[in-house]
Amino acid sequence: MQAYSVLDFSTIIEGEGASEALAKSLQLAQAAEESGYHRFWMAEHHNFPAIASSATSVALAHIGAGTKSIRIGAGGVMLPNHSPLVIAEQFGTLDALYPGRVDLGLGRAPGTDQTTARAMRRDLRAAAESFPEDIQELQMYLGEPQEGQRVKAYPGQNSQVQPWVLGSSLYGAQLAAHLGLPYSFASHFAPTMLHNALRVYRQQFKPSKACAKAYAMPAVNMVVAETDEEAKYWFSSHQQSVSALFRNHSQKLQAPIEGFYESLNLAERHAIDGHLNYSFVGSEATVAAQLERFLNDVPSDELMVHARIFDIHARLESLKRSAKVLEQFVRK
């Protein structure tokens with residue numbers, strides 16, 4: 001593993017709103033920069049009361065202004081929701097503001113339910129089918145202008161924005177390999193295809209100007225506290241959010257509950273465990289042992305960690321403790 005990074009949803013907790021969530025995201029990014037994390041990514045989701053990063057490029061401008069060196073990026077922009085030219089202009093603007101620091105992770109899903117997707121006023125079926133062509137069009141806008149090119153991105157052309165493909169299935173792995181782009185797998189919530197996707201990506205990868213060799217970054221959940229018990233207590237907020245999702249009940253992130261997981265029936269536990277299979281929760285020693293087994297089983301160029309923790313002080317503590325654990329596995 002060469003580096004470690006952070007995925008943030010700009011989580012809105014019960015009793016607060018988007019202003020507080022975005023302020024806390026900046027705190028988290030600043031702490032991540034100080035703790036040696038390589039990237040700070042934010043995710044596009046819509047119609048989720050617990051997520052404040054729906055206007056991802058705007059949120060990233062806020063993060064970039066309050067940090068100095070950490071890479072900032074989308075993890076990701078759901079390209080079927082948008083015109084490639086508009087995204088090129090948005091991320092070209094970010095690159096103009098924060099040169100050489102901007103990543104653009106691109107996903108094919110809408111990042112929401114179908115009703116909300118229709119409210120975005122794009123033909124999502126057609127857009128999803130044209131995802132590979134849209135990525136190439138976007139790369140054209142972000143690159144050196146071609147002879148005869150009539151439509152150009154200002155800002156955007158000749159930018160240093162690094163595109164990525166995101167995925168949770170073999171489709172994204174094959175596409176990233178075909179286009180010669182770095183690949184991030186969403187194993188923090190969709191763990192099933194991780195091994196096969198990374199194998200396919202590495203086997204089929206074609207070098208490109210954007211990426212000379214395969215570069216894979218799985219995302220996992222990581223909550224690290226002084227003790228195993230405290231980490232499990234913090235993690236119960238995330239478990240509650242997954243439980244609510246399965247009940248089709250969208251809500252802000254709830255305060256942790258002692259013994260929440262134990263209060264569930266076996267079917268509910270099984271569902272949560274499947275969704276959060278790649279979650280490393282415990283003390284530094286416990287998580288280090290879990291992580292060693294994972295990295296031995298899943299060779300990774302970089303690891304992206306996500307933590308949905310209610311209290312900001314606990315979130316910051318977990319971030320810093322996670323960095324101590326992750327640093328042990330970085331190849332110098």
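Reader: How many aromatic pairs does the structure hold?
Author: This is a predicted model. Rings count as a pair if their centres lie within 6.5 Å. The number of aromatic pairs is eight.

Reader: Are the rings of Tyr183 and Tyr201 stacked, edge-to-face or tilted?
Author: Tyr183 lies in strand S6 and Tyr201 in helix H8, 18 residues apart. Their ring centres are 5.3 Å apart. Stacked needs planes under 30 degrees apart, and edge-to-face needs over 60. The planes are at 40°, so the pair is tilted.

Reader: Which kind of aromatic pair do Tyr201 and Phe205 form?
Author: Both residues, Tyr201 and Phe205, are buried. Their ring centres are 5.6 Å apart. The angle between the planes is 75°, and over 60 counts as edge-to-face. The pair is edge-to-face.

Reader: Which residues do ring pairs link into a cluster?
Author: Tyr201 pairs with Tyr183 and also with Phe205. Phe185 belongs to the cluster too. The members are Tyr183, Phe185, Tyr201 and Phe205.

Reader: The charged end of Arg108 sits over which ring?
Author: The distance from the charged end to the ring centre is 3.8 Å. The ring is that of Tyr171.

Reader: Are H1 and H13 roughly parallel or roughly antiparallel?
Author: Their axes are 10 Å apart. Lys24 and Leu28 of H1 are among the contact residues, as are Ile312 and Leu316 of H13. The packing angle is about 20°, and angles under 35 degrees count as roughly parallel. The helices are therefore roughly parallel.

Key. Residues numbered from 1 in each chain as written. Predicted model: local features only at pLDDT ≥ 70, side-chain atom pairs only at ≥ 80, totals over all residues. Heavy atoms only, no water. Phe/Tyr/Trp six-rings, centres within 6.5 Å; stacked < 30°, edge-to-face > 60°. Helix = DSSP H or I, 4+ residues; strand = E, 2+ residues; numbered from the N terminus. Buried < 20%, exposed > 50% of the residue type's maximum accessible area, 1.4 Å probe, protein only. Lys NZ or Arg CZ within 6 Å of the ring centre and 35° of its normal. Axes fitted to C-alpha atoms, helices over the stretch in contact; angles between N-to-C directions. Parallel < 35°, antiparallel > 145°, perpendicular 65-115°, else oblique. Contact = heavy atoms within 4.5 Å.
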